Structure formats: C-alpha cells, structure tokens
Amino acid sequence: MKDIFIVMKFTILDMVKRKAFIISTIVILLLIVGGFAAVKIFSGDGKVKVLTILVHDQENIFNNKLDNLNLKELGYKFSKTDKSIEDIKSKVNSDSDVDALIINKNKDGSIVLTYIVKNLFFSNGIPEDLANILSSVYTSNGLEKLNLTKEQIASLNPVFEYRYEQAGEEVKGNIAVMMGISIILFYAIYFCAFQVSSSITTEKTSKIIEMLVTSTSPRNIVLGKTLGIGIVGLCQLALNILTSFICARIFIDKQVLSKVVDLSTITVSLALITLLYFILGYLTYALLYALTGSTVSKPEDVQSANGPVAIIAVIGFYLSYFTMMNPTGKLNLLAALLPISSPFCMPLRIMMGLASYKEVILSVLILIITIIVVANISIKIYTRAILYSGSKLNFKKIIMLYKQK
Amino acid sequence: MGLKLENVTKTYGKKKAVDNISFSINKPGIFGLLGTNGAGKTTTIRMILDILSKDSGSITWNGKNVSRKDVNFGYLPEERGVYPKIKIIDQLIYFAKLKGISKEDSIKSINKWAKILEVEEYIQMTPDKLSKGNQQKIQFMTAIIHDPELLVLDEPFSGLDPVNTGILKKVILELIKKGKYIIMSAHEMHTIEEFCSDIIILDKGKTVLKGNLNEIKSTYPANRVSVITEKGIDDIIEEAKLEIENSHDNYYLIKVKNEQEAWNLLKKIVKKNILITKFEIMKPTLNDIFVEKVRS
C-alpha cells in the first residue's frame, strides 16, 4: 500500500512539472475565459436586443397606431418617419439595429408593406411575429372604425396563453446543454485515462521499467500510476469547471444563464455523483489503457495498440450522446447502466430528474464490478507483458500471457 | 548463507530459455554469469530477482525462496534507462523510497555515492543533459543506494570510458570488501577474469561450464607461448611445425598443444644462441575456454 502512494506521488509530481502539462492547462483556462468573454462581447449586455423599425406611412393607413405600441419585450420599436425613401435606405444601411417599413396603398385598395433590411442575403423575410403584429393592429384599427365597444373588439381579438405539457416523464434542463456536458465528461475521462497508457509505454520503451519492477510489484506500479494521473486529471477538470463557473457569473447575465441551464438542478449531491462517475469511468478506461500500454515495446505502436480501447470508448460515448435526444427512451436507460457509457450518461439522467435511486445504485455497482475485473486482468497481463520486448503483442499472444502461470 | 539455484527451468512457448541450471554463491564476492546472446543470462537474472516466475526448480537466498519483498536486491540492467526529464535527485529518492529507505537517509546515501562516483555536480540536473557514461553512473547509484545484500550487474562497464571504468571498478572492489554478493554478467572476458572467482557459462539455456575460474584453467593445458628475442625466429618456428598467432618486431605469440611443445621450442632457440628477452608459457584465457565451450 505504501508503495502505491510512493508511485502515485511521484506520478503526480512528474505530471505537474511537465512543460506540456503546464502550457496545456494555461491554454485551456485562457480558452474558457476567452470563450465566455466572446459570448459577452457578441451578445452585448445580455439583454434582449431591440430592433428599431422606421415606419413610413404617408397615407396614415395604420392611423399612427404603431407608434403607441410597446413591443420592446418582443424586440421591436416602431418609429414614424417622414424622410425620403432614399434617406431611410441610407439609415438602414448605416445602422445594423434599424430596419424600415414602407406602407403604401395600390389603386385597387390593397396594401403593400415593403420591409427594408440592410442585406437580403442574411434575411429570412418579414419576421412572423412582426407580420402578426401588423395584421392585428390593422384589424383593430378597422374594428374601431365600426364604433364597437372595447369588449366587443377584445372578443374579436382574443389573447391566447399557450402552455406546453408532456404526456410522459418531465425532463428538466436543456437537452443541448446536457449533450455538451456529456462531451466534456467524455473528453475529461478519455484523455485522462489515455495518459496512463502513454506513461506506461514511456517507462517500458525507455527501459526504466526493469529497474522499477525490481523495486516494487507491477500491481503497485499500475495502481499508483492510475491514481496519480487520475488525481491530476480531476484537479485539472475541477479547475476548469471552477473557472467556467466564475466566468459565467462575471460575463453572462443571470437571467440569460438561467434560460440555458436550470441552476436549481445543480446541487452538491449532483456534483458528488458526477465526481463519483468521473472517478469510476476514469478507472475503467485507465486500467484498460494500462493493459494496452504494457503490450507495446515501441512508441510508434502505441496508437494501434490503444485502438480497441478507443473504439470501446467512442461506442460508449455515442450511445450516451445520441440516446440523450430521447432521454426517456429505453436505450438511454441502457446507456446509463452499461459500464462503457454510464459515466457519460448517468450524471445527466440524474440532472434531468429521470434516474431512480435503484438505477443509480445498480449502475454504480456494475461499474465497480467492471473495475475490479478489468484491474485484475490488466495487472495480470501487465505483469507478464511489461518485460516483453519485440513486436506488438496481438490478441492471441495477450490471451496466452493471461493464461500463463 | 548465500544464493542457491537448483534445477531451474524456464520455457517460453516451445523454447527452453533456461534448461535445468544449478549453481550457488556461498561467499561474498563476484560470480560471473557468461553466455552468448540468447544463452539465457537475462532470464536467469530475472528469475533470481523474482520478476519472472520459473517453471521448475528452486532459487533460495539464505535458505529461503527468493522474493522481491524479502531480499534486498540491487540491479543494474543491461539496457540502461532513466527518466530523462526528471531531476536526478528526485528519481534517486523515488527508487530509494520504493526500497524502503526514508527520504533523509536516501539523501545522505545519494550525497555519499555522488561524491564517490564523481557526479555531485549533476545531481540537481535532468539526465537528458548528461553524457551516456554519466547516465550509467546515475543508474549504478540507483542499484546501490539502498545498500543491497545481493547486487546483480548486467554489463556494468559497457559504454564507459577508461576513467569511468576505473571509478566503477574501484566501487565494486569496495563493495566486495564490505561483504556484498555480486552477480556480474559481461561480454568482456578480461573483466570477468579480473573480478570473478567463480563462473558459469550458459549456451542455449544449458550449463556448459561452471566452477572456480582458477581450477577450471588448471585443467586446461598450455596453449600459447609468448616469446621476445633479439632477432627473428620464424625459421625455428617453421621447423618445429608450430603456428604463429601474432608477431611483430621479434615478438611472437605461438600456438602450442601442450607445455612440452613449448619446452622443445625453447631448446631450439637456445641451441642457435639467440638471446631471449621473454619466454612465457601461457594457459588458455577465459575467452579461449568460452569460445571452445560454446563452439563445441
């Protein structure tokens, strides 16, 4: 046990002192800060952007009713103008927050609404909500001329309140955000685990391993190394999350943030569960990578040796990612229970309020059993393969090594 | 007291890497483990160090089966390896700690050996800035830093210049004086002859010769005569039907089958009144014995 901690401590110090690690950590933190700052810059102060629509209604077809409308919440502000069409076009062209509406009547009595934008290439026609507002104002205007009472007009222009409900289980949070978190979890676990393979191969190819295995058991080396790299990875992830959290608070308006992420779903218990799944997921993949790392003798064989583990990880990730589109489906539940995908899936099911206690316990148990089995197989093969030098071990030879006494 | 191997066998697939070998080291000193490439030396060393399991036989240290946990080993492998980007002092402390030495004691030991091996100035550096020879001395420190009872040195002098070879030889002799048991594997036979009292020669996993080096040599007849004379004696050698192995400036190294042939040659030179500066009847070298045993 003491040797595991010695190997772990040495691994941690080795990793954090590496220039590549220091530079990549700083770069990731700068990207996070830069990303949030960019959101702030491109979205202004976070409040809804108001588009000014210059209204040119020389025949007063809308009876000046548009000026009195308060549409800031919808993002529009009407402003009457008597300027020439050329001047209006010039204003629209120079100000990206200004469009124009030219209102004319044809000889046959039909009304022509010309909507002027800066660039038609980036426009999708008159916004639907704006068209509805214009139609509604014109109708109300017409009804007023019929000398109807306010109640009569109101009954002809009803205001509906639309509500949406789901027949099945209700899902909390934003699915797109959940998918984003799933990607972050996958990359954090995958690349952290990959370091184990890289570290083992480096020791083997640089011939240090022979000194190492005479100093302590292969089991202590594998476990110490896995724990050391895991702790560094976890600290790096925690630092990134903390930085993201601080940046979100600084750069993103609270109201806008609450529209993207349901902050009420982020609790201490969820953080602990996510941490648990990160650790278990990391251990599963790190121990698999310890196995593949010990089977190569040349650095150029590392990629091909790690291929099968990478395929398993990608299958696990996509199973989790795509079933997230239908989180109440049975496939998503399967992804939350399978050890190759549960670390990327179950924390999100919990966040969406879909996971029962039984499912969480079952998923954790499956992961723990998987880790024990994988650890035993990996350490056994590592012990036999680590002193082997020559061509890359194929699957048949690995099985032979496993069966060796 | 000591190391004992009895009928040790190791098979890889269908190939017997080590085939029923036995030897023992009963007193402190250096034991020579010799063999051609692929003879089974490294496999034997790995089994002694308990990093490779044997198929059959027994390996004991002081009467108990060897195990990594119980025997205080030191090992300098043939293929050198150090962490290139980690400070030398940090990796030496790491290996010492794994051998159960406290940080304080390991620092004392590092300073002591760094001074003896003349690498004090490199201790705070990373190995990638060091020459191959100095890296080798650092790795030698890793093998002895914890004061092992049994030290295994696989080709300890390969790649070292004469100055560093001298330093390392001095250290090894000091270790013998301290009563350490050392197993040395080397391809340079003169190194083995210089240090080892007992040897074993392996070929294709099998023992072809073992025992005390002097006793082994004494069983072999003389096979060379080294002669320096005042003038050339090529005609005398030809007359005696002997073969010249090497000659220059009236120096001759002549092959003989036994001592009698050498004495006969001496008589013929004396008869012709040629002044002799040197006349040495030579026993076969370890190299001769090794080549003969392996080829046969």
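View 1. Two strands pair if DSSP finds at least two bridges between them; helices (H or I, at least four residues) and strands (E, at least two) are DSSP runs, numbered from the N terminus. You are looking at a predicted model, in which local features need pLDDT of at least 70, side-chain atom pairs count only at pLDDT 80 or more, and totals for chains, interfaces and linings use all residues. Residues are numbered from 1 along each chain as its sequence is written, while chains are lettered from A and ligands numbered from 1 in the order in which they are written. Now find the four strands of chain A that make an open sheet with mixed pairing, in the order 2-1-3-4. Strand 2 (76-80) and strand 4 (111-116) of chain A are the edge strands, each pairing on one side only. From one strand to the next, the twist averages 25 degrees (axes are lines fitted to C-alpha atoms, for helices over the stretch in contact, and angles run from 0 to 180 degrees between N-to-C directions).

**View 2. Strand 1 of chain A beside strand 3 of chain A.** Here strand 1 (residues 51-56) and strand 3 (residues 98-105) of chain A run parallel, joined by five bridges. Which residue of strand 3 of chain A does A:Leu54 stand opposite? Its opposite number is A:Ala100. Look also for A:His56, whose bridge partner in strand 3 of chain A is A:Ile102.

**View 3. Strand 3 of chain A beside strand 4 of chain A.** On this side of strand 3 of chain A the neighbour, strand 4 of chain A, runs antiparallel to it, and six bridges link the two.

**View 4. Helix 10 of chain A alongside helix 14 of chain A.** The axes of helix 10 (residues 268-294) and helix 14 (residues 357-385) of chain A come within 8 Å and cross at roughly 20 degrees. These two helices of chain A are therefore roughly parallel to each other (angles under 35 degrees count as roughly parallel, over 145 as roughly antiparallel, 65 to 115 as roughly perpendicular and the rest as oblique). Among the residues that meet are A:Leu276, A:Leu280, A:Leu283 and A:Leu287 from helix 10 of chain A, and A:Val364, A:Leu367, A:Ile371 and A:Val374 from helix 14 of chain A. How many residues of this contact between helix 10 and helix 14 of chain A are nonpolar? There are 17 nonpolar residues, with four polar and no charged (Ala, Val, Leu, Ile, Met, Phe, Trp, Tyr, Cys and Pro count as nonpolar, Asp, Glu, Lys and Arg as charged, and the others, Gly among them, as polar).

**View 5. Helix 12 of chain A crossing helix 13 of chain A.** The axes of helix 12 (residues 330-337) and helix 13 (residues 342-351) of chain A come within 7 Å and cross at roughly 120 degrees. That angle makes helix 12 of chain A oblique to helix 13 of chain A. From helix 12 of chain A, A:Asn332, A:Ala335, A:Ala336 and A:Leu337 meet A:Ser342, A:Cys345, A:Met346 and A:Arg349 of helix 13. Sorted by class, this contact of helix 12 with helix 13 of chain A holds five nonpolar, two polar and one charged residues.

**View 6. Chain A meeting chain B.** In this view, 16 residues of chain A are in contact with 22 residues of chain B (two residues are in contact if their C-beta atoms, placed from the backbone, lie within 7 Å). Helix 1 (2-17) and helix 7 (209-215) of chain A each supply at least two residues of the side of chain A that touches chain B. Helix 7 of chain A gives the largest share of that side, five residues. By class, the side of chain A that touches chain B has six nonpolar, five polar and five charged residues.

**View 7. The domains of each chain.** Chain A is divided into domain 1 (2-41 + 175-403) and domain 2 (51-156), with C-alpha centres 57 Å apart (domain bounds come from an automatic or database domain assignment). For chain B, the assignment gives domain 1 (3-218) and domain 2 (224-295), and their C-alpha centres lie 39 Å apart. The contact between these domains takes 12 residues from domain 1 of chain B and nine residues from domain 2 of chain B. Helix 6 (189-195), strand 9 (198-203), strand 10 (206-212) and helix 7 (213-218) of chain B each supply at least two residues of the side of domain 1 that touches domain 2. That side of domain 1 of chain B divides into eight nonpolar, one polar and three charged residues.
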